[in-house]
Amino acid sequence: MTSNGWLQILFYLGVLSLLTKPLGIFLYRVFERKGTFLDPILRPIERLIYRACGVDESKEMDWKDYGVAMLLFSGVSLLLLYLIERVQFWLPWNPQKLANVPSDLAWNTAVSFTTNTNWQSYVPESTMSYFTQMAGLAYHNFASAAVGIALAIAVIRGVARREAKTIGNFWVDATRTLLWVLLPLCIIGGLALVSQGVVQNLEPYTQAALVESQTVDAPGPIGTTAKQPVTTQTIAQGPVASQEVIKMLGTNGGGFFNANSAHPFENPTPLSNFLEMLMIFAIPSALTYTLGRMTGSARHGWAVWGAMAVLFLAAVFVTYNAESRGNPLLQGVDQTPSNIQSGGNMEGKEVRFGIANSSLFTTVTTDASCGAVNNAHDSLTPIAGMMPMINIMLGEIVFGGVGSGLYGMIVFVILSVFIAGLMVGRTPEYLGKKIEAFDVKMAVLSILVSSLTILIFSAMAIVSKPGLAGISNPGPHGLSQILYAYTSATGNNGSAFAGLNANTPWYNSTLGLAMLFGRFLTVIPILAIAGNLASKKHVPESLGTFPVTGPPFTVLLVCVILIVGALTFFPSLSLGPILEHLLMHAGTTF
Amino acid sequence: MTKETIIAVRFTLLTTIIFGLLYPLGMTVISHYVFPKQAEGSLIRKNGQIVGSELIGQAFTQDKYFHPRPSAAGNGYDASSSSPSNLAPTNHQLIDRVKGVVARLQQENPGVPIPADLVTTSGSGLDPDISPAAAAFQVPRVAKARGMSVEAVQAFVASHTQARTYGFLGEPRVNVLELNLDLDSSK
């Protein structure tokens with residue numbers, strides 16, 4: 001680790017903390033309809049959308065109707081994406097004449113983008129047309145992010161409201177997220193990325209004449225290889241920046257290219273890298289302030305932010321430390337950091353990012369449910385590769401996905417006040433609401449669904465032929481690849497130990513199910529909690545109330561998160577990355 | 001329920017038009033006028049012909065050129081098939097591959113430690129850069145092949161070494177394609 005590396009990490013957290021309050025207030029004003037400077041432009045468009053769709057914006061919904069509307073929107077838009085993929089050959093903006101997507105892959109991809117996962121079993125630049133990328137995939141980056149944020153706002157209303165039957169109108173919350181929050185940030189952020197070199201065009205792939213022509217091995221007749229001269233380089237193009245920016249802001253993470261944010265056309269400079277990381281955490285971080293503001297306890301919002309920051313720094317430290325040490329199995333290689341090289345484990349990393357920015361990006365993208373990568377997670381040293389898995393296993397609640405991070409964190413907050421209540425022997429309360437059996441049951445259900453999905457599917461894969469067939473790195477790392485895949489799918493993250501050959505009927509179908517369970521089965525109990533909390537009476541704070549502000553609460557919250565995570569996943573992690581770490585230092589290869 | 005389904009269908013279609021078509025097409029038009037060079041891929045033209053992109057690495061194997069990092073994209077630096085190696089740190093394929101590269105580089109510059117980035121593949125397989133250490137490692141070979149003095153080649157490297165952005169963001173780096181083009185044109 002170097003001091004310059006830590007300077008970059010702390011600068012990142014510092015800028016994030018400065019953004020939190022202004023953006024949090026803006027979100028509060030958008031969803032509480034307090035008026036913003038954008039209203040004169042956006043209000044007419046908003047009204048037009050409601051009129052065209054038949055939405056009554058004054059009508060509020062209870063938690064069940066809210067959930068139904070959310071599911072209907074997700075279902076319909078999923079089907080449309082599936083359809084676009086299946087007929088893309090005949091649609092416009094397909095200069096490379098890419099074929100229609102096969103059914104199992106199209107289904108997996110449709111589920112993946114609808115659930116905000118963006119798991120990709122395919123190589124985008126040779127599979128998806130520009131039309132599919134724009135109207136199908138990038139559109140879902142907007143849609144799934146809007147769903148996540150709308151749900152978070154509904155859950156916050158549940159906590160904030162007293163003796164209320166409703167928690168908002170899904171269509172209104174989704175529309176306002178799209179117009180007020182995502183669109184303006186995408187236009188500004190997208191142009192900033194283009195200025196750095198992210199491409200934005202609809203041209204066919206560029207043919208460049210190589211400076212030095214090469215000879216490569218190409219498959220010859222019947223199983224032989226023949227030397228073949230290569231004189232041109234085909235450079236993939238596309239409307240990348242418009243998708244890159246929402247991929248980050250919406251914590252989606254699906255790359256326009258196979259290499260994702262390691263690709264120089266997605267992430268060309270250290271500055272674009274910094275902006276992309278900032279975009280991932282911007283809205284999730286701001287939502288903590290919105291939570292404090294809407295519930296009337298700004299200090300509670302900051303206490304939650306504090307717990308997130310602690311867990312974030314811990315994860316960066318472990319990842320960065322492990323990667324800086326490099327790979328002890330590489331002989332004769334200088335992996336020491338210096339002024340003229342970043343050193344460390346450079347396999348799968350870009351020179352312009354080096355170890356510090358790769359470790360930071362890896363932590364940010366898995367703390368959130370983003371899943372964009374600027375380095376190859378499969379090639380991380382074992383302990384560094386374990387960290388993204390842990391980040392996702394904890395529920396992506398460290399800032400987390402847009403919306404999903406906050407409502408996931410509220411589940412842990414409810415568990416924390418419940419445990420504190422047990423310790424002092426009183427009915428637990430959360431911001432003036434009694435937490436009762438129903439709320440705790442639903443909170444535990446939400447956590448159990450995702451843990452069970454990860455562990456059961458992984459267990460099925462490691463005892464089945466098609467599951468084992470996907471492994472590309474043998475030894476304990478093979479288990480890590482499978483565990484990572486189901487963790488990422490269930491957590492709707494989308495990053496991968498990408499050597500795993502997942503474009504098979506087995507993985508496409510089981511990972512598709514894991515994504516659906518991880519998205520929808522976890523959020524329905526949370527909506528139920530929101531509906532139940534909204535209907536409750538306010539109980540004034542008393543001496544026996546455990547305060548949900550300040551350092552003691554932050555510490556308790558961090559402990560609850562870590563204990564739940566450790567008890568659930570330590571056994572499987574010890575057989576994967578921890579075992580691989582020990583064997584690597586004993587000099588074993590596979 | 002039927003009423004909500006109709007809303008869902010209309011909402012999906014309408015927002016697809018706004019966010020799936022109008023937004024990216026609008027961004028394409030604006031980018032084309034505001035940042036034309038970047039939007040089309042920061043392409044490098046020589047005598048009117050496109051010879052590559054500033055941002056995309058190319059393969060070089062001759063002694064007179066600086067070599068980029070090993071690449072796992074297609075047959076190497078295939079910019080229509082970006083990819084990392086995805087080899088685990090304990091995979092013997094990785095260890096063997098690195099051994100091979102190390103053996104070759106040690107002959108070229110005996111006794112000098114080999115910088116990590118020169119023996120490892122990048123995250124994209126298209127990394128346009130090498131570290132200043134990896135450039136310095138190759139200076140003697142390039143100088144000999146071109147019949148230039150080591151100092152002269154070092155000066156070329158220095159002029160193509162990009163420092164950290166604002167002095168602290170990212171890592172210092174040398175763009176291989178630009179450096180090689182500059183060396184060629186100086187003849």
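The largest cavity holds about 450 Å³ of space. The model is predicted. The count comes to eight cavities of 30 Å³ or more.

**The largest cavity**

Lining this cavity are 31 residues. Nearest its centre lie Gly395(A), Glu396(A), Ser450(A), Gly518(A) and Thr522(A). Six elements need naming here, and each gives two or more residues to the lining: helix 11 (382–393), helix 12 (404–424), helix 13, helix 15 (476–490), helix 16 (505–534) and helix 17 (550–585), all of chain A. Which helix gives the largest share of the lining of the largest cavity? Helix 12 of chain A does, with six residues. By class, the lining of the largest cavity has 13 nonpolar, 16 polar and two charged residues.

**The pockets**

Now the open spaces. The largest pocket has a volume of about 820 Å³. Its lining takes in 31 residues. Ala59(B), Ser71(B), Asn75(B), Gly76(B) and Tyr77(B) are the ones nearest the centre of the largest pocket. Both chains give elements to this lining. Strand 1 (206–219) and strand 2 (225–235) of chain A each supply two or more residues, as do helix 3 (92–108) and helix 4 (132–146) of chain B.

The second largest pocket has a volume of about 540 Å³. Its lining is made of 32 residues. Closest to the centre of the second largest pocket are Gln120(A), Asn258(A), Ala496(A), Ala498(A) and Asn86(B).

The linings divide by class as follows.

| Lining | Nonpolar | Polar | Charged |
|---|---|---|---|
| Largest pocket | twelve residues | 14 residues | five residues |
| Second largest pocket | 14 residues | 17 residues | one residue |

**A nonpolar surface patch**

The last item sits on the surface. Val444(A), Leu448(A), Leu452(A), Ile456(A) and Met460(A) form a nonpolar patch there. Together they have about 410 Å² of accessible area. Val444(A) belongs to helix 13 (residues 437–462) of chain A. Helix 13 also gives two or more residues to the lining of the largest cavity.

Why does Val444(A) count as partly exposed? Its relative accessibility is 35%. Partly exposed covers the range between buried, under 20%, and exposed, over 50%, so Val444(A) at 35% falls in that class.

Methods
Residues numbered from 1 in each chain as written. Chains lettered and ligands numbered in written order. Predicted model: local features only at pLDDT ≥ 70, side-chain atom pairs only at ≥ 80, totals over all residues. Heavy atoms only, no water. 1 Å grid on protein atoms, 1.4 Å probe; cavity = no way out; pocket = protein on both sides within 12 Å on 5 of 7 lines; lining within 4 Å. Points joined across faces, edges and corners; volume = space filled by probe spheres on them. Helix = DSSP H or I, 4+ residues; strand = E, 2+ residues; numbered from the N terminus. Nonpolar A, V, L, I, M, F, W, Y, C, P; charged D, E, K, R; others polar. Patch = residues over 30% accessible without salt bridge, like charges linked within 9 Å, V, L, I, M, F, W, Y side chains within 5 Å. Areas by Shrake-Rupley, 256 points an atom, 1.4 Å probe, with all protein chains shown as cover. Salt bridge = Lys/Arg side-chain N within 4 Å of Asp/Glu carboxyl O. Buried < 20%, exposed > 50% of the residue type's maximum accessible area, 1.4 Å probe, protein only.
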